[in-house]
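Subject: Structure handover

Hello,

Here is the structure for you to look through. Please open it beside this email and follow along.

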Amino acid sequence: GGYFLGMNGANNNNLYSATDLELVDKPNDGQTLTAAGVYKDCAKSVVGILVYNSNGDMGHASGVIYSKDGYIVTNDHIYSSISAAKFKVYTEDGNEYNAVYVAGDTRSDLAIIKITESVSLTPGVFGDSEQVITGESVCAIGRPNGYNLASTLTCGTVSVPKVRQSITSS
C-alpha cells in the first residue's frame, strides 16, 4: 500500500522512490513474542499525529514509521474534516516534528505523510499478510488517547484473515 500511495498520489513530487518493501516471514512455532515483547519491539515505530489548521480545528491519529527518513503510514480519513490540514508527528522518545501530506487513497483509507525535518527513525517491520491464519493471536499498537501520550496495546485473535472477493461479469 505504501508504495502505491507514494508513487501515485496527487502530490507526488517523486519524494519517495523505493519500489520494494521487505516483508518478513512470521516466526516459526515457538518463536512468537508475548504481547509485552511485541510492544517492546514495535512501540518505537508507532507515532501520534496531531492534525490541525489555522482555524483551530484539530484531531489526532496514530501512524507507523514506514522509512527511517520520515515517511509515515496512517489513515486517509484523519484530515477529511479539517480544511487546509497541517500535521505534527510525535515519536515515542518525545520528539515533535512537522509533516506534510504526500498521498492518500479513500478506498483503502491509507495515507502517507512525510516529516519535513532531516531525521533517522526506526521503521516498523512489515509482515506478509498472506501468512496470517485464522486463530492466530495479534496485537495492535496505537495512540487512541492522544497524539502526545504513550502508545496503547490491545490484543485479539484473527477471526478471518482476509476477505476473498469474486467478480462476475454479465
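Is E136 buried, partly exposed or exposed? E136 is partly exposed, with a relative accessible area of 22%. The scale is this: buried means under 20% relative accessible area, exposed means over 50%, and partly exposed is in between (1.4 Å probe, protein chains only).

A word on the source. This is a predicted model, in which local features need pLDDT of at least 70, side-chain atom pairs count only at pLDDT 80 or more, and totals for chains, interfaces and linings use all residues. Residues are numbered from 1 along each chain as its sequence is written, and side-chain values use heavy atoms, with hydrogens and water left out.

Overall layout

The chain has two helices and eight strands. Helices (H or I, at least four residues) and strands (E, at least two) are DSSP runs, numbered from the N terminus. Their order from the N terminus is α-α-β-β-β-β-β-β-β-β. Of the 170 residues, 31% count as buried. Now take contacts, meaning heavy atoms within 4.5 Å. Among those between residues at least 6 apart in sequence, 60% join residues at least 24 apart.

Salt bridges

Back to E136. It forms a salt bridge with K26. That term means a side-chain nitrogen of Lys or Arg within 4 Å of a carboxyl oxygen of Asp or Glu. Here the closest N and O atoms are 2.5 Å apart. E136 sits in the loop between β6 (110-115) and β7 (137-142), and K26 in the loop between α1 (2-8) and α2 (35-42), so the pair ties together parts that are 110 residues apart in sequence. K26 is partly exposed, at 34% relative accessible area.

The count of salt bridges is two. E96 pairs with K88, with the closest N and O atoms 3.6 Å apart. E96 is partly exposed at 42%, whereas K88 is buried at 19%. Side chains of opposite charge can pair when their charged atoms come close.

Strand pairing

Look at β6 next. Five of the six residues of β6 are buried, so this strand is largely enclosed by the rest of the structure. Two strands pair if DSSP finds at least two bridges between them. β3 and β6 run antiparallel and are joined by five bridges. In that pairing, I72 has I113 of β6 as its bridge partner. β5 and β6 also run antiparallel, with six bridges. A103 stands opposite I112 in β6. β5 and β6 form a hairpin with four residues between them. In the turn, D109 has a positive phi of about 55°.

Nonpolar cores

A nonpolar core is a set of buried Ala, Val, Leu, Ile, Met, Phe, Trp, Tyr and Cys residues joined through side-chain atoms within 4.5 Å. The largest one has 18 residues. Which members touch the most others? They are I49, V51, I72, I78, F87, I113 and I115. β1 (46-52), β2 (58-65), β4 (86-90), β5 (96-105) and β6 each supply at least two residues of this core. Apart from it lies another core of six residues, among them Y71, V73, V102 and A103. In soluble globular proteins, nonpolar side chains tend to be buried together.

Leaving out residues up to four places away in sequence, I72 touches V47, I49, G63, V64, I65, Y66, A111, I112, I113 and I115.

Y71 is in strand β3. It is buried, at 2% relative accessibility. Y71 and P123 are 52 residues apart in sequence, yet their C-alpha atoms are 8.8 Å apart in space.

T74 is also in β3 (residues 71-75). It is buried, with a relative accessible area of 5%. A polar atom of the T74 side chain lies 2.8 Å from the backbone oxygen of S62. Neighbours within four places aside, T74 is in contact with I49, A61, S62, G63, D109, L110 and A111.

Cysteines

How many disulfides does a search of the whole structure find? The search finds zero. A disulfide is a pair of cysteine sulfur atoms within 2.5 Å. For C42, the closest cysteine sulfur is in C139, and at 8.5 Å it is too far for a bond. C42 is partly exposed at 35%. C155 is partly exposed too, at 45%.

Best wishes

Notes: Polar contact = N/O pair within 3.5 Å; in protein donor to acceptor, adjacent residues only side chain to side chain.
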